[in-house]
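Subject: Structure handover

Hello,

Please find the structure below, followed by notes on what was found in it.

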Amino acid sequence: MGMMKHTRRGIIALAMGLGMGAVAASPASAQDAVSLRLNWLLSGVHSIFYYGVDKGFYNDEKINLTIGEGQGSARAVQVTATGGDTFGVADGGSVIAAATRGAPVKSVLGIMNTSPYGMSFRADSGVKTIKDVEGKTIGATAGEASMALLPAIWKNNGIDPSKVRILNVDGPGKLVAILEKRSDGILAGLEGQVIILEQRGLDQKVFSFAELGVNTQGLTIVASNNTIENKKDLVQRFVRATVKAMEAAKADPDAAVAAAIKARPEADKALLKAQLLASINLIPSPEAPNLPIGEMAPADWTRTLDLMKSYQDVSTTMTPESFYTNEFVKK
């Protein structure tokens, strides 16, 4: 009889233990496996995402985030559209280009709402205003997105394009060209080559495309339409965690860079910090600088689409609202 009581107690205890285990593994406590495809190899702006992981912002939203480096915005859009990754990092122009060709994607969060495109000239080249580029040589790489917008720059600023020489060089060759005075200037990312040239000690005169009247939507978080429509709660949680990460990186850039260095110990800490600081300056839109972090300005998407129709052979009846949504930022 005593043995039966003991056995019965053991069965009850086992049942209670199994019940507790079932509660611990319930869907409410499960983590969603999410992947984010970056637009390129690790750069300062990407510290935001690594910092979000390090601070537990994604974990708090029940997201187990895996970050993968990329091979350009177009590729990030492609793998996101096909479901290879849950989210991607891509500039607005790449989102429009893909969506007008049928890719089912949309931007759900603005990371940099000012275009990172720019031009850098040697300070000793004599270029003090944009009009001074006439008679000068600019290094550029065939196919780079900002090159397609040069006609808009020339038109907006009264430049005769026949008086500007374009030196066609590969990516690394651009830096060599300006450093060795084979070109007076180069097309340069404000958070990329401009920072590298500063580190090389070059005295520069920098023009941003935005200040020259050709701002386009910068880096965004892109998701597939399927994810947006069928996993709204996941998108909301990811956006909420990323906004927190952006705010935290802005408040403590050193800590954000330290988080990125944990993932890539071989990275250049000073370069990452300089790139991140430049990227933080590009978060607000020049059209609406007081918008909450992450919210995208309609005017930036309208202008980007108009510029692509005028200078990049984009033909579509899709409206600017087809390419982005602020619904997850505003909640």
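Helix α5 (residues 92–99) is mostly covered, with 8 of its 8 residues buried. Buried here means under 20% relative accessible area, exposed means over 50%, and partly exposed is in between (1.4 Å probe, protein chains only). Helices (H or I, at least four residues) and strands (E, at least two) are DSSP runs, numbered from the N terminus. This is a predicted model, in which local features need pLDDT of at least 70 and side-chain atom pairs count only at pLDDT 80 or more, while totals for chains, interfaces and linings use all residues. Residues are numbered from 1 along each chain as its sequence is written, and side-chain values use heavy atoms, with hydrogens and water left out.

The buried residues of α5 are Gly92, Gly93, Ser94, Val95, Ile96, Ala97, Ala98 and Ala99. Their cover includes α4 (73–81), β3, β4, β10 and α13 (298–311); it is counted by contact, meaning heavy atoms within 4.5 Å. At the start of α5, a side-chain oxygen of aspartate 91 comes within 3.0 Å of the backbone nitrogen of glycine 93. That is a polar contact (a pair of N or O atoms within 3.5 Å; within protein, one must be able to donate a hydrogen and the other to accept it, and residues adjacent in sequence count only if both atoms are side-chain atoms).

**The chain as a whole**

The protein chain has 14 helices and 10 strands. Of its 331 residues, 52% count as buried. Its C-alpha atoms fill a box of roughly 105 × 45 × 35 Å, taken along the principal axes. Among contacts in the chain with a separation of 6 or more, 80% are between residues 24 or more positions apart.

**Aromatic pairs**

The structure holds 5 aromatic pairs. Rings of Phe, Tyr and Trp (its six-membered ring) pair if their centres lie within 6.5 Å; planes under 30 degrees apart count as stacked, over 60 as edge-to-face and the rest as tilted. Phenylalanine 87 and phenylalanine 238 are stacked, because their ring centres are 4.0 Å apart and their planes are at 10 degrees. This pair links distant parts of the chain, with phenylalanine 87 in strand β3 (residues 87–91) and phenylalanine 238 in helix α10 (residues 232–251), 151 residues apart. Both phenylalanine 87 and phenylalanine 238 are buried. Ring pairs also link Tyr58, Phe87 and Phe238 into a cluster.

Tyrosine 117 and phenylalanine 209 form an edge-to-face pair, at 5.9 Å centre to centre and 70 degrees between the planes. Tyrosine 117 is in the loop between β4 and β5 and phenylalanine 209 in the loop between β9 (204–208) and β10 (219–224), so the pair ties together parts 92 residues apart in sequence. Tyrosine 117 is buried, with a relative accessible area of 17%. Phenylalanine 209 is buried at 0% relative accessibility.

**Threonine 114**

Threonine 114 sits in the loop between β4 (105–110) and β5 (118–122). It counts as buried because its relative accessibility is 11%. A polar atom of its side chain lies 2.6 Å from the backbone oxygen of proline 284. Not counting residues up to four places away in sequence, threonine 114 touches Ala210, Asn215, Thr216, Gly218, Leu282, Pro284, Ser285 and Pro286.

Serine 47 lies in helix α2 (residues 47–55) and is buried, at 0% relative accessibility. Leaving aside neighbours within four places in sequence, serine 47 is in contact with Ala256, Val257, Ala260 and Leu276. In helix α11 (residues 253–263), the buried residues are Pro253, Ala256, Val257, Ala259, Ala260 and Ile261. The cover over these buried residues of α11 includes α2, α10 and α12 (269–281).

**Two lysines with positive phi**

Lysine 62 is not a glycine, yet has a positive phi of about 60 degrees. Lysine 62 lies in the loop between α3 (57–60) and β2 (63–68) and is partly exposed, with a relative accessible area of 34%. Lysine 181, also not a glycine, has a positive phi of about 65 degrees. Its place is in the loop between α7 (171–179) and β8 (185–187), and at 55% relative accessibility lysine 181 counts as exposed.

Regards
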